[in-house]
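Colleague: Hi! Could you walk me through this one while I have it open on my screen?

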Amino acid sequence: MRHIAVLPCDGAGKEVVPEAIKVLRAAGADFEFEEFDVNADSYLRTGVAISDEVWRQVSEADSILFGAVGDPRLPDAKYLAGVLLRLRFELDLYVNLRPAKLYDDRLSPLRREDRRRVDLMIVRENTEGLYVGMGGRFKQGTDDEVAIQEDVNTHLGVTRIIEHAFGIAQREVVMVDKSNAMTFAGGLWQDRWKAVAAGHPKVKTRHLYVDAASMQLVKDPSQFDVIVTGNLFGDILSDLTAELIGGMGIAPSANIDPASGRGLFEPVHGTAPDIAGKGLVNPVGAILSASMMVKHLGDPHMADAIEGAVESAIRAGECTRDIGGALSTSQAGDAIVKRLR
Ligand code: ATP
C-alpha cells in the first residue's frame, strides 16, 4: 500500500483535498492517507512552518497530496517559502507539469471554434530561476533603496528540464524564454536548448519569446503540445492557460523529481480567500492533480478513469458555479464519485 502525505494547508486547500481523497477512494486507489497539520494557524502559533518530525515523515512518503498555502495574516513570503518552496527545492521536485485540456467547449473564452482544441502541457522548471530567494534589499525603506532578485539558472537545471519536455512530447516542444533581453540566463537556455534538441531529431521544435508565446496562446492555443520554460514564465503562462480551459478552479499540477520518483500534486490555484469556506470552491483542479499522482505512481488506467469521470461531470453541468454549474464543493466531488462506481 502506498503512503500518501496529505497537506491541505489553508483556505481552499482544506476544502478541495478531502474531495480528491474521496475520489481516489472511489476509484479504488490502494493508498494510506496521513494528514499533517501544516497551515498558517500552526505557523502563527509556533513560528515553525514544517517541524523536523513532520518534514521527515512527509519527505519519506510515496507521494504528497497538497492543497494551497497562504493566509492574509502572513503577507510576507516566509511562510510560503517555508512550506511549498522548501518542499519543491529540498525534495528537488524540478519538473512542474501543468497540463491544460479543454473538457467542454462552453468553458472556452475563445470565439473561434477551430481554435478551442486545447490540450497542452507546460513543463515549468521548478527549482531555480527568480524564485530561489537570492538577493536582498539595501537601504530598505529609504529613497536610496536598492532591491536585487537573482535569476539562478544552472547547466544541470536547464538541461534536465528541457530533456524532460522532450521525453513527454508527442508532436512538438516549444521553448519559451526572453533571451533577447535577458541575455545571460537566456544564453544558457538557448545553448542547452540547441544541444538537447539535437539529441531528439524526430521531435519538432520551436522557440518563442515569452511575449510572443502569450500572444500565440490566446490567439490559437490549439497549436501547442509541450511548452518548456523557466520558473517565473511557467508560473505566469499556466495561469493564462488555466483561463483557456475554464479557469483556476480546474487546473491541476504535478511537481516531480523523475530521478527519485518523488512527487507533490496540487491544484494550480491558491487559497482563493475571496470564496474559501463557503462551499464554492471547485474541487476539480485538486481531483485532476490526484489523477496525475495516480498516473505517476504507475496506474494510468485509474488516472484515465478519474479524468473521464471529471470530464463527464463537467459536460453534464454537474459542477460548481465557476464553471457554470450550481453544486457545492462536496456535491461536485460526489458527481465525480458516482461516475466511478
Ligand atoms: P493565493 O494568494 O493563495 O494565491 P489568490 O486569490 O491570489 O490566492 P487564487 O487562489 O489562485 O489566487 O485565486 C485566483 C482567483 O481564482 C480568485 O478569484 C479565486 O476565487 C479563483 N479561484 C481559485 N481557486 C478556485 C477554485 N478552486 N474554484 C473556483 N474559483 C477559484
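Modeller: Happy to! Let's start with Glu 318, which is partly exposed, with 24% relative accessible area. Keep in mind that this is a predicted model.

Colleague: Which side chain does Glu 318 meet in a salt bridge?

Modeller: Glu 318 meets the side chain of Arg 339, at 3.1 Å from N to O. The two come from distant parts of the chain, 21 residues apart: Arg 339 sits in helix H11 (residues 329-340), while Glu 318 is in the loop between helix H10 (300-315) and H11. Arg 339 is partly exposed too, at 25% relative accessibility.

Colleague: How many salt bridges are there in the whole structure?

Modeller: A search finds 23. One of the networks to look at links Glu 19, Lys 22 and Asp 334.

Colleague: What about Arg 56, which residues does it bridge to?

Modeller: Arg 56 has a salt bridge with Glu 53, at 2.8 Å from N to O. Arg 56 also forms one with Glu 60, where the closest N and O atoms are 3.3 Å apart.

Colleague: Where do Arg 56 and Glu 53 sit relative to each other?

Modeller: They are three residues apart in helix H3 (residues 52-60), so about one helical turn separates them. Glu 60 is also in helix H3, four residues from Arg 56, again about one turn.

Colleague: And is Glu 60 buried or exposed?

Modeller: Glu 60 counts as exposed, at 55% relative accessibility. Arg 56 is partly exposed at 39%, and Glu 53 is partly exposed at 41%.

Colleague: New topic: where is Glu 128?

Modeller: Look in the loop between strand E5 (119-125) and strand E6 (135-138). Glu 128 is buried and has no salt bridge.

Colleague: Why no salt bridge for Glu 128?

Modeller: A salt bridge needs the nitrogen and oxygen within 4 Å. For Glu 128, the nearest side chain of opposite charge is Arg 160, at 5.3 Å. Beyond its close sequence neighbours, the contacts of Glu 128 include Val 152, Thr 154 and Asn 231.

Colleague: Now the sheet. What order do the strands come in?

Modeller: Ten strands make an open sheet with mixed pairing, ordered E2-E1-E3-E12-E11-E4-E5-E10-E8-E9. Strand E2 (31-35) and strand E9 (204-209) are the edges, each pairing on one side only. From one strand to the next, the twist averages 20°.

Colleague: Which strands does helix H8 touch?

Modeller: Helix H8 (residues 231-244) packs on the sheet and touches strand E4 (95-101), E5, E8 and E10.

Technical notes: Residues are numbered from 1 along each chain as its sequence is written. This is a predicted model: local features need pLDDT of at least 70, side-chain atom pairs count only at pLDDT 80 or more; totals for chains, interfaces and linings use all residues. Side-chain values use heavy atoms; hydrogens and water are left out. Buried means under 20% relative accessible area, exposed over 50%, partly exposed in between (1.4 Å probe, protein chains only). Lys and Arg count as positive and Asp and Glu as negative; His and the chain ends are not counted. Contact means heavy atoms within 4.5 Å. Two strands pair if DSSP finds at least two bridges between them. Axes are lines fitted to C-alpha atoms, for helices over the stretch in contact, and angles run from 0 to 180 degrees between N-to-C directions. Lists of a residue's contacts leave out its neighbours within four places in sequence.
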